[in-house]
Amino acid sequence: MGINQTYAVFGLGRYGRSVAKELAENGAEVVAVDNREAVVNAAISEIPYCKCADVTDPEALRQIGIANIDVVIVTMANHLEASVMATMLCKELGVKTVIAKCATEINCKILTKVGADRVVFPESESGIHLAKNLLSSGFMDIIELSQDVSMVEMEVKQQWIGKNLIELNLRKKYSINVVAIIEGKNVNTNIDPEVPLTQDMRLIVIANRAKLNKLK
């Protein structure tokens, strides 16, 4: 995922609106959809392309051009039937990635069963956080520690495999500090810089936000 992907956000409650706004403000192409005309009109000032439509209607989704969207975020957590229908239709119409907001663990299981590629709990992941993660292509997770510094979880780059941290000298080349290495369920903070990195490892790094693009 990333800024070059196209996005659609279904539902313009507080969560959905924050996702769509953050995506739009960072230059991503995003269409925001809600079936309430007043809500759509209120969001137009923040999100350039808003549309009033029923996302449970396959014809309405075709008119939006949903088959050409890379990522759909379904945010109607309190309306399970609508979330299920929207998720199923998006997958049937060829959307590669559908992310669904859930109200309960049972809802998450149901939405996963009908095709959601990822589910999120709004209590643990804000809309802005989700949007930043989607835009941070190449990173598995990103958490802002301050206005300038972020902690990032990332996969080991192909060109790093077989090399150790001393050889790579990531601090000098990318201005990042590796603070932990994840292998399976194990998180190792006592890092041996002479151990070669493998494809199965994930790195937890701390970096200046301005330098993150160098890692993508």
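**First stop: helix α1**

Begin with the buried residues of α1, which are Y15, G16, V19, A20, E22, L23 and A24. Here "buried" means under 20% relative accessible area, while "exposed" means over 50% and "partly exposed" lies in between, with a 1.4 Å probe and protein chains only. Helices (H or I, at least four residues) and strands (E, at least two) are DSSP runs, numbered from the N terminus. This is a predicted model, in which local features need pLDDT of at least 70 and side-chain atom pairs count only at pLDDT 80 or more, whereas totals for chains, interfaces and linings use all residues. Residues are numbered from 1 along each chain as its sequence is written, and side-chain values use heavy atoms, with hydrogens and water left out.

Now select residues 14-25, the whole of α1. The end C-alpha atoms of this twelve-residue helix are 16 Å apart, which agrees with the 16 Å that it should span at 1.5 Å a residue. The expected span is 1.5 Å times one less than the number of residues. Next, select G27, which follows α1 and has a positive phi near 90°.

**Second stop: the whole chain**

The chain contains eight helices and eleven strands. Of its 216 residues, 43% count as buried. Among the contacts with a separation of 6 or more, 58% are between residues 24 or more positions apart; a contact means heavy atoms within 4.5 Å.

Strands of a sheet pair through backbone hydrogen bonds, either parallel or antiparallel. In this structure, select the open sheet of six strands, whose order is β3-β2-β1-β4-β5-β6, with parallel pairing. Its edge strands are β3 and β6 (118-120), each of which pairs on one side only. Neighbouring strands of this sheet are turned by 20° against each other on average, direction ignored. Two strands are said to pair if DSSP finds at least two bridges between them. For the angles, axes are lines fitted to C-alpha atoms, for helices over the stretch in contact, and values run from 0 to 180 degrees between N-to-C directions.

Within the sheet, look at β1 and β2, which pair in the parallel sense over five bridges. Y7 stands opposite V30 in β2. Five of the six residues of β2 (residues 29-34) are buried. Then move to β5 and β6, which run parallel and are joined by three bridges; here I99 stands opposite R118 in β6.

Select T6 in strand β1. Is this residue buried or exposed? T6 counts as buried, at 13% relative accessibility. A polar atom of its side chain lies 3.3 Å from the backbone oxygen of N68. Not counting residues up to four places away in sequence, T6 touches E29, N68, I69, D70 and V71.

Select T75 next, in the loop between β4 and α4. T75 is buried, with a relative accessible area of 7%. The T75 side chain reaches the backbone oxygen of G11 at 3.0 Å. Leaving aside neighbours within four places in sequence, the contacts of T75 are V9, F10, G11, Y15, G16 and K101.

Select residues 80-92, which form helix α4. Its 13 residues reach 18 Å from the first C-alpha to the last, close to the 18 Å expected at 1.5 Å a residue. The helix lies across β1, β4 and β5, running at about 175° to β5.

Which residues of α4 are buried? They are S83, V84, A86, T87, L89 and C90. The elements that cover them include β1 (6-10), α3 (58-64), β4 (71-74), β5 (97-101) and α5 (105-113). Just after α4, select G94, which takes a positive phi of about 100°.

Select C52 in strand β3 (residues 50-52). C52 counts as partly exposed, at 39% relative accessibility. Its C-alpha atom is separated by 8.6 Å from that of A32, 20 residues apart along the chain. Not counting residues up to four places away in sequence, C52 touches D34, N35, R36, E37 and V40.

Finally, select C102, which is buried, with a relative accessible area of 1%. The structure holds zero disulfides, a disulfide being a pair of cysteine sulfur atoms within 2.5 Å.

Note on methods. A polar contact is a pair of N or O atoms within 3.5 Å; within protein, one must be able to donate a hydrogen and the other to accept it, and residues adjacent in sequence count only if both atoms are side-chain atoms.
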